[in-house]
Amino acid sequence: MELIYEKSKPGRRASTLPRYDLPAAEVPEELRRAEPPRLPELAEPEVVRHFTELSTRNFGIDTGFYPLGSCTMKHNPRVNERVVMLPGFKDLHPHQEEDGAQGALELMWRLQEILQEVAGLDACSLQPAAGSQGELTGLMLMRAYFEDIGEGEQRDTIVTADTAHGTNPASVTMAGYKLDKVATDARGNLDVDDLRAKVNERTAGLMLTNPSTLGLFDENIEEVAKIFHDAGSLLYYDGANLNAVCGISRPGDMGFDIVHINLHKTFSQPHGGGGPGGGPIVVRRKLEPFLPVPAVVKDGNVFRLDYDRPDSIGKVRGFTGPFGVFVRSYAYIRAYGPALKEMSEVAVLNANYLLARLRDAYDLPYDRLCMHEFVLSARTLKREHGVTALDVAKRLMDYGYHPPTIYFPLVVPEALMIEPTETEPKERLDAFVDAMLAIAREAEEDPSLLRDAPRTQPVRRLDEVKAAKRALVKYGFDEHPDLSGEVGEARQLEAQKGA
Ligand SMILES: Cc1ncc(COP(=O)(O)O)c(C=O)c1O
């Protein structure tokens with residue numbers, strides 16, 4: 001497809017504006033352009049066609065099934081968009097005085113209360129803008145807490161699982177902690193013996209997602225929590241997989257002290273491509289004094305922002321956080337009401353249905369009931385037919401599906417991580433199974449179909465690492481760099497999730 005600059009013809013216009021008769025603005029000489037900007041010149045229908053065509057090349061949850069493990073790509077109810085566009089929310093200015101923003105403050109306060117209940121903990125800050133920022137904020141809280149009790153110097157290490165999402169070790173490093181990784185045992189749980197050997201008086205805490213990125217609930221979670229608490233350490237819950245357990249089990253009851261909740265996953269929000277998101281953190285009472293300011297509080301019947309928190313770690317984001325995300329999540333939760341746990345029950349049911357139908361065609365590294373997602377492996381397909389998880393993923397695109405997450409978690413070779421979510425009907429799941437089974441047959445009968453996939457898409461195989469790391473987002477006119485000669489080994493790699 002041609003770029004809009006390549007379609008441009010000098011002198012063409014999308015519209016003509018009336019000549020203005022206002023005096024020319026006085027712009028200092030040194031700030032004035034020497035030449036007019038080189039904008040593309042096209043008639044309006046061509047502009048409309050260009051962008052409409054571009055929009056049809058996008059794949060989203062609204063165009064098809066999107067089983068991208070760990071990302072929880074569920075349907076976003078349209079009523080939430082209506083609610084977020086209500087003038088009282090949409091037109092609110094972040095500097096609005098509190099008495100003119102009581103509705104918005106009340107919504108945030110109520111959302112905090114709900115998240116506390118869901119997490120089984122005592123206090124909440126809505127500020128962090130994503131799960132990863134929640135992680136960093138949570139680690140800053142740990143540091144503030146240990147400094148407060150005089151153990152700041154002593155506790156310098158955070159333990160994570162070898163299945164952890166890439167943001168976990170990144171946050172640990174950014175927060176200035178050392179990282180210690182614990183192995184996974186044969187059932188997909190944290191290896192408790194390895195863990196015991198690693199937890200001591202230097203351990204600040206554990207960072208764990210439960211269910212794990214293998215889609216498995218840790219069967220020893222209470223024992224794990226005890227090991228850390230006995231050593232005086234804290235437990236951080238990466239809530240990216242909360243869609244599996246809402247209203248069924250609570251991180252606070254499992255023993256976690258700090259939780260982030262990926263609002264954009266569990267409680268719906270159009271997301272992908274980096275945002276927008278929300279990563280509120282919820283904590284045990286003893287950590288409340290350190291939460292970011294301002295806190296949204298209720299005084300009698302009045303809601304206000306409380307900045308008077310002398311032990312707070314300070315602000316982690318502008319104003320009070322991503323407000324539009326709060327409105328959508330609040331609407332989503334209220335639509336379920338007390339039946340919220342049905343959301344998780346159906347997510348788990350859908351995942352187990354897919355697992356049961358696919359387990360014979362692909363390898364299943366951990367043979368257990370899964371939670372809201374599961375990890376298969378294309379190991380045997382690779383050994384016997386030379387096709388990889390990447391080939392399976394690319395072939396799925398020819399069948400009209402977004403590929404699952406692949407090559408993650410790192411402990412599973414040729415991993416395919418599948419998360420259907422609760423919003424898919426059985427017919428969709430069955431059609432996806434048919435495609436996966438057909439691909440497994442193709443791998444046996446005609447593996448080139450997979451190796452050359454995708455065959456039906458506007459572009460074939462891309463060097464995804466280069467596309468991410470050397471993205472050209474500016475038209476270069478005469479100096480458009482030619483990167484075609486730069487063929488790295490990255491061509492066959494998928495940018496790893498969270499890497
Ligand atoms: C297990 C896990 N932890 C943490 C994160 C980070 O969350 P966010 O993308 O909101 O920063 C993700 C994101 O996909 C994840 O899957």
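Thr 266 is buried, its relative accessible area being 0%. The model is a predicted one. Thr 266 belongs to helix 11, which covers residues 263-266. Leaving aside residues up to four places away in sequence, Thr 266 is in contact with Lys 74, Gly 239, Leu 242, Asn 243, Cys 246, Tyr 332 and Met 343.

An open sheet is built from seven strands, arranged in the order 1-7-6-5-4-2-3, with mixed pairing. Strand 1 (123-125) and strand 3 are the edge strands, and each of them pairs on one side only. From one strand to the next the twist averages 20°. Strand 4 pairs with strand 5 in the parallel sense, over four bridges. Leu 208 has Tyr 237 of strand 5 as its bridge partner.

Helix 5 (residues 102-119) lies across strand 1, strand 6 (258-261) and strand 7 (281-283). Relative to strand 1, helix 5 runs at about 120°.

**Helix 7 and its surroundings**

Helix 7 spans residues 167-174, and its buried residues are Thr 167, Asn 168, Pro 169, Ser 171 and Val 172. The cover over these buried residues includes helix 6 (131-148) together with strand 2 (157-161), strand 3 (178-182), strand 4 (203-208) and strand 5 (234-239). After helix 7 comes Gly 176, with a positive phi near 85°.

The axes of helix 6 and helix 7 come within 9 Å and cross at roughly 40°. The two helices are therefore oblique to each other, and their crossing is right-handed. On the helix 6 side the contact is made by Ser 132, Glu 135, Leu 136 and Leu 139, and on the helix 7 side by Thr 167, Asn 168, Ser 171, Val 172 and Met 174. Sorted by class, this contact has four nonpolar, four polar and one charged residues. Of the contact residues in helix 7, Thr 167, Asn 168, Ser 171 and Val 172 are also among its buried residues.

**Helix 15 and helix 16**

Another helix pair consists of helix 15 (residues 389-398) and helix 16 (residues 426-445), whose axes come within 10 Å and cross at roughly 125°. That angle makes helix 15 oblique to helix 16. Helix 15 passes helix 16 in a right-handed crossing. Val 392, Arg 395 and Leu 396 of helix 15 meet Phe 432, Ala 435, Met 436, Ile 439 and Glu 442 of helix 16. The contact residues divide into six nonpolar, no polar and two charged.

| Helix pair | Axes come within | Crossing angle |
|---|---|---|
| Helix 6 and helix 7 | 9 Å | roughly 40° |
| Helix 15 and helix 16 | 10 Å | roughly 125° |

**Strand 10 and strand 12**

Strand 10 (residues 374-377) is joined to strand 12 (residues 415-418) by four bridges, and the two strands run antiparallel. Within this pair, Val 375 stands opposite Met 417 of strand 12.

Conventions. Residues numbered from 1 in each chain as written. Predicted model: local features only at pLDDT ≥ 70, side-chain atom pairs only at ≥ 80, totals over all residues. Heavy atoms only, no water. Axes fitted to C-alpha atoms, helices over the stretch in contact; angles between N-to-C directions. Parallel < 35°, antiparallel > 145°, perpendicular 65-115°, else oblique. Left-handed = near helix turned anticlockwise from the far one by under 90°. Contact = heavy atoms within 4.5 Å. Nonpolar A, V, L, I, M, F, W, Y, C, P; charged D, E, K, R; others polar. Buried < 20%, exposed > 50% of the residue type's maximum accessible area, 1.4 Å probe, protein only. Pairing = 2+ DSSP bridges.
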